[in-house]
Amino acid sequence: MKANHAVMFRWLIRREVLLAWRRKADLFSALAFYIIIVSLFPLSMDPDSRLLRSIAGGVLWVSALLATMLGFHRMFANDFADGSLDQLILTPQPLVLTVIGKTAAQFLTIGISLILISPLLGLQYGLTPNDTRQLAWSLLLGIPVLILLNAVGAALTLGVHGGGLIAALIVLPLCVPSLVFGAGGNVSLVGAVLAPTLVFAPWAAAAAIRISLG
Amino acid sequence: MLTATELECVRGNRTVFQELSFSVRPGECLQLTGPNGSGKTSLIRILCGLMEPSHGTVSWKKLDIRHLAEDYRTCITYLGHRHGIKEELTPLENLQIICGLNGTEISRNHAVRALEYMGLANRETAFARFLSEGQRRRIALARLVFNSSEIWLLDEVLTALDRDGMESVQALIDGHLARGGMAVVATHHGLGLSQGRFQRIELAA
């Protein structure tokens, strides 16, 4: 029997998106968290439009980072606890593809929601259309980096008590380069971070899952 | 033929079993028995490649399963005692997704029939979270109804099942053996099979 990876990948995406939709509360709490943090800054600060415009990138990026990290250690932990991670590993699909599928589904659900709401939130900071476009691009390229790095953290701390905090400690330093480039509006540099992350992070996460299960 | 050669399993600093060799031929069922902690689950996880043995090899058609990787995984179906049923999904979704993930898509019609066979008629679209433990186990087992993989590795799958459910599973294993399949089953219950050859390994504590 020849394994058809395209079919399996489609089912994986369908599974992940369906599960995310059925656990809407998790999805919306991350989104609400993002909206609240971003909106609190303009309210609590001097309404000087120059100041707000200059901090907008940083605030949105830090908030996006925290929102993607919220509950992220559950990415594999839920499947680990109920035994479906074993099933995912035993599919004929290479584990790397499974990790890519799971992160892609995260991007399609939480990632896209964060990106779509960002231009609206940017209005509170008086961003010009040009600034907004640049910010949206940097988030579009940057959020996949954050999700992939979170996946590595989640895989490394699989089955560890208090794994969420350890995962955050592992992942945060790794997120710093994209944070610096993204908040600074360097879209091409964020893209440059995305490329190697896209290549190496799924392998690292797959290897970490194997170690955690052994 | 599935062959295990001089398997040894060490958990923590305790040797669970060692120098365990056996082979399972087409149409043969191997039952693993033994007290709790005797390594039944570890052995099954080693046989499906989820765990590395500390020593020894598992080979399928004379090739080490570590080298076969994906080619081996297309030949096996593993059901663990943690059954991997998602509570947020319905039995129908659970079944279609797990089959799809394994590259053996089944139609809605087939899935409904498989669930009916496992005694889940009219429950296909209820969320699994509203079903009992035994019924969730039945969803996991429904995967075996239209399953043509050569090796079945079943770990404590009869737990939480009623008499009726056990008989359905026995019938499924019988059918699988009659088609020339192989099965490794860890269970304390008698299997009462009527087809194929049967061997038993008793693991010591």
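## A sheet in chain B

Thr5(B) stands opposite Thr57(B), a residue of strand β4(B). This is a predicted model, in which local features need pLDDT of at least 70, side-chain atom pairs count only at pLDDT 80 or more, and totals for chains, interfaces and linings use all residues. Residues are numbered from 1 along each chain as its sequence is written, while chains are lettered from A and ligands numbered from 1 in the order in which they are written. Helices (H or I, at least four residues) and strands (E, at least two) are DSSP runs, numbered from the N terminus.

Strand β1 (residues 2-11) of chain B and strand β4 (residues 55-60) of chain B run antiparallel and are joined by five bridges; two strands pair if DSSP finds at least two bridges between them. β1(B) also pairs with β2(B) in the antiparallel sense, over seven bridges, and here Ala4(B) stands opposite Phe22(B) in β2(B). These two strands, β1(B) and β2(B), form a hairpin with two residues between them, and Gly12(B) in the turn has a positive phi of about 65°. The four strands form an open sheet in the order β2-β1-β4-β5 (chain B), with antiparallel pairing. Its edge strands are β2 (14-24) and β5 (63-64) of chain B, each of which pairs on one side only. Strands of a sheet pair through backbone hydrogen bonds, either parallel or antiparallel.

## Around the sheet

Helix α1 (residues 40-48) of chain B lies across β1, β2 and β4 of chain B and runs at about 130° to β1(B). Axes are lines fitted to C-alpha atoms, for helices over the stretch in contact, and angles run from 0 to 180 degrees between N-to-C directions.

Lys61(B) lies in the loop between β4 and β5 of chain B. Ala69(B) is found in the loop between α2 (65-68) and α3 of chain B. A residue is buried if 20 or more other C-beta atoms lie within 10 Å of its own, exposed if 12 or fewer, and partly exposed in between, with C-beta atoms placed from the backbone. Lys61(B) is partly exposed because 13 other C-beta atoms lie within 10 Å, whereas Ala69(B) counts as exposed, with 12 C-beta neighbours inside 10 Å.

## A buried leucine

Leu154(B) lies in strand β7 (residues 151-155) of chain B. Leu154(B) counts as buried because it has 26 C-beta neighbours inside 10 Å. Residues up to four places away in sequence aside, Leu154(B) touches Leu79(B), Ala183(B) and Val185(B); two residues are in contact if their C-beta atoms, placed from the backbone, lie within 7 Å. Leu154(B) and Arg25(B) are 129 residues apart in sequence and 16 Å apart in space, C-alpha to C-alpha.

## Helix packing in chain A

In helix α4 (residues 74-82) of chain A, the residues Met75(A), Phe76(A), Ala77(A), Asp79(A) and Phe80(A) are buried. The buried residues of α4(A) pack against α5 (84-90), α6 (95-122), α7 and α9 of chain A. Just after α4(A), Gly83(A) takes a positive phi of about 90°.

Helix α7 (residues 129-156) of chain A and helix α9 (residues 187-213) of chain A have axes that come within 7 Å and cross at roughly 15°. That angle makes α7(A) roughly parallel to α9(A); angles under 35 degrees count as roughly parallel, over 145 as roughly antiparallel, 65 to 115 as roughly perpendicular and the rest as oblique. The residues of this contact of α7(A) with α9(A) divide into 20 nonpolar, six polar and no charged. Ala, Val, Leu, Ile, Met, Phe, Trp, Tyr, Cys and Pro count as nonpolar, Asp, Glu, Lys and Arg as charged, and the others, Gly among them, as polar.

## Where the chains meet

The contact between the chains takes 23 residues from chain B and 25 residues from chain A. On the side of chain B that touches chain A, the elements that give two or more residues are α3 (70-73) and α4 (91-101) of chain B. The largest share of that side, five residues, comes from α4(B). By class, the side of chain B that touches chain A has eight nonpolar, seven polar and eight charged residues.

Across this boundary, helix α1 (residues 5-22) of chain A and α4(B) pack at an angle of about 145°, with their axes 8 Å apart. The contact is made by Val7(A), Met8(A), Trp11(A), Leu12(A), Arg14(A), Arg15(A) and Leu18(A) of α1(A), together with Glu93(B), Ile97(B), Gly100(B) and Leu101(B) of α4(B). The residues of the contact of α1(A) with α4(B) divide into seven nonpolar, one polar and three charged.
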